[in-house]
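Me: I would like to learn how to read a ligand site and the strands around it. Can we go through one model step by step?

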Amino acid sequence: MSSIAENLLQVGHRIQAACRLSDRPSAGVRLLAVSKTCPPEAVRAAHAAGQRDFGENYVQEALDKMAALADLRGQLCWHLIGPLQSNKTRAVAEAFDWVHSVDRLKIAQRLSEQRPAWLPPLQVCLQVNVSGEASKSGVAPADLPALAQAVAALPRLQLRGLMSIPEPADTLAAQRAPHARLQALLRDLQARGLALDTLSMGMSADLEAAVLEGASWVRVGTAVFGQRQRPAAG
Ligand SMILES: *Cc1c(COP(=O)(O)O)cnc(C)c1O
């Protein structure tokens with residue numbers, strides 16, 4: 001068995017254990033394998049082990065990887081989880097299935113306008129800044145309801161939920177706190193009538209805390225593919 005296949009099994013066990021702890025069905029938590037900086041062969045090995053959903057941070061790197069994996073087209077589901085500039089929206093609208101990192105209406109409008117008619121609506125999460133000043137990306141919680149209402153109205157996007165990248169923390173309690181805040185924000189939007197079902201939160205170090213607070217996608221890189229060679233730039 002490849003080490004990536006073994007890692008996928010182990011991460012699956014971690015997710016299942018956290019689901020048992022929180023009385024959640026394990027089908028309610030899906031694994032997004034974060035393949036940023038990994039070569040196409042690593043994605044191919046994960047696909048051979050049954051993994052279908054992959055997260056990328058950098059648009060050009062992702063497009064190059066998709067081209068190298070063109071023989072698997074239709075079998076892989078691509079998620080953008082990194083910052084998105086307006087000059088890259090067309091490529092993203094044409095090539096990705098999900099974008100987790102929308103935090104401005106202008107970007108959402110461009111994605112909706114540029115989503116090709118022959119593809120299903122682009123699945124979108126709004127990135128929320130749950131750590132206050134420490135993080136620069138993400139919509140502030142106070143501005144979230146207005147942004148969510150506006151994005152939900154765009155015809156070629158399907159707003160699914162919220163995403164966050166909290167500051168790293170050492171204890172389970174400290175890891176759970178920002179995830180609990182994101183879950184509360186999702187519930188608030190649901191109470192306002194938005195049909196949302198997705199919380200994208202939790203990474204290699206804190207996926208248990210995220211599952212305990214209701215994560216539906218955990219985004220896991222290092223624990224699946226090993227330590228990244230290149231630092232995660234830009
Ligand atoms: C890199 C990255 C991850 C994965 O982080 P790991 O600690 O390697 O699991 C998850 N989410 C985002 C947004 C990332 O940039």
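This is a predicted model: local features need pLDDT of at least 70, side-chain atom pairs count only at pLDDT 80 or more; totals for chains, interfaces and linings use all residues.

Me: Which residues are around the ligand?
Reply: A residue is near a molecule if one of its heavy atoms lies within 4 Å of it. Here the list is V34, K36, N57, I81, I165, M203, S204, R219, V220, G221, T222 and R228.

Me: Which side chain has an N or O atom 2.5 Å from a ligand oxygen?
Reply: Start with the rule. A polar contact is a pair of N or O atoms within 3.5 Å; within protein, one must be able to donate a hydrogen and the other to accept it, and residues adjacent in sequence count only if both atoms are side-chain atoms. The side chain of S204 has a polar atom 2.5 Å from a ligand oxygen. For the side chain of K36, the distance from an N or O atom to a ligand oxygen is 2.7 Å. N57 also places a polar side-chain atom 2.7 Å from an oxygen of the ligand.

Me: How much of the ligand's accessible area does the protein cover?
Reply: Accessible areas come from the Shrake-Rupley method with a 1.4 Å probe; for residues, only the protein chains shown count as cover. On its own the ligand has 390 Å² of accessible area, and the protein covers 89% of it.

Me: What does the UniProt record say about K36?
Reply: UniProt positions are given in the numbering used here, feature names are shortened, and annotations may be inferred rather than shown by experiment. The unreviewed UniProt entry annotates K36 as "modified residue: N6-(pyridoxal phosphate)lysine".

Me: Where does K36 lie, and is K36 buried or exposed?
Reply: Helices (H or I, at least four residues) and strands (E, at least two) are DSSP runs, numbered from the N terminus. K36 sits in the loop between β1 (30-34) and α2 (40-48). Buried means under 20% relative accessible area, exposed over 50%, partly exposed in between (1.4 Å probe, protein chains only). K36 has a relative accessible area of 12%, so K36 counts as buried.

Me: Which strands pair with β1?
Reply: Two strands pair if DSSP finds at least two bridges between them. β1 pairs with β2 in the parallel sense over 2 bridges. In β2, A33 faces F54, and V34 has G55 as its bridge partner. β1 also pairs with β8 (residues 217-220), again in the parallel sense, over 4 bridges.

Me: Why is β1 described as largely enclosed?
Reply: Because 4 of the 5 residues of β1 are buried, the strand is largely enclosed by the rest of the structure.

Me: How should I read the two faces of β2?
Reply: In a regular strand the side chains alternate between the two faces of the sheet. In β2 (residues 53-56), D53 and G55 are buried on one side, and F54 and E56 are buried on the other.

Me: Which residues have a positive phi without being glycine?
Reply: Most residues other than glycine have a negative phi. D23 has a positive phi of about 55 degrees. D23 lies in the loop between α1 (3-21) and β1, and D23 is exposed because its relative accessibility is 73%. T37 has a phi near 70 degrees. T37 lies in the loop between β1 and α2, and at 13% relative accessibility T37 is buried.

Me: What does the side chain of S200 contact?
Reply: The side chains of S200 and H100 are joined by a polar contact of 2.8 Å. S200 belongs to strand β7 (residues 198-200). S200 is buried, at 0% relative accessible area.

Conventions:
Residues are numbered from 1 along each chain as its sequence is written. Side-chain values use heavy atoms; hydrogens and water are left out.
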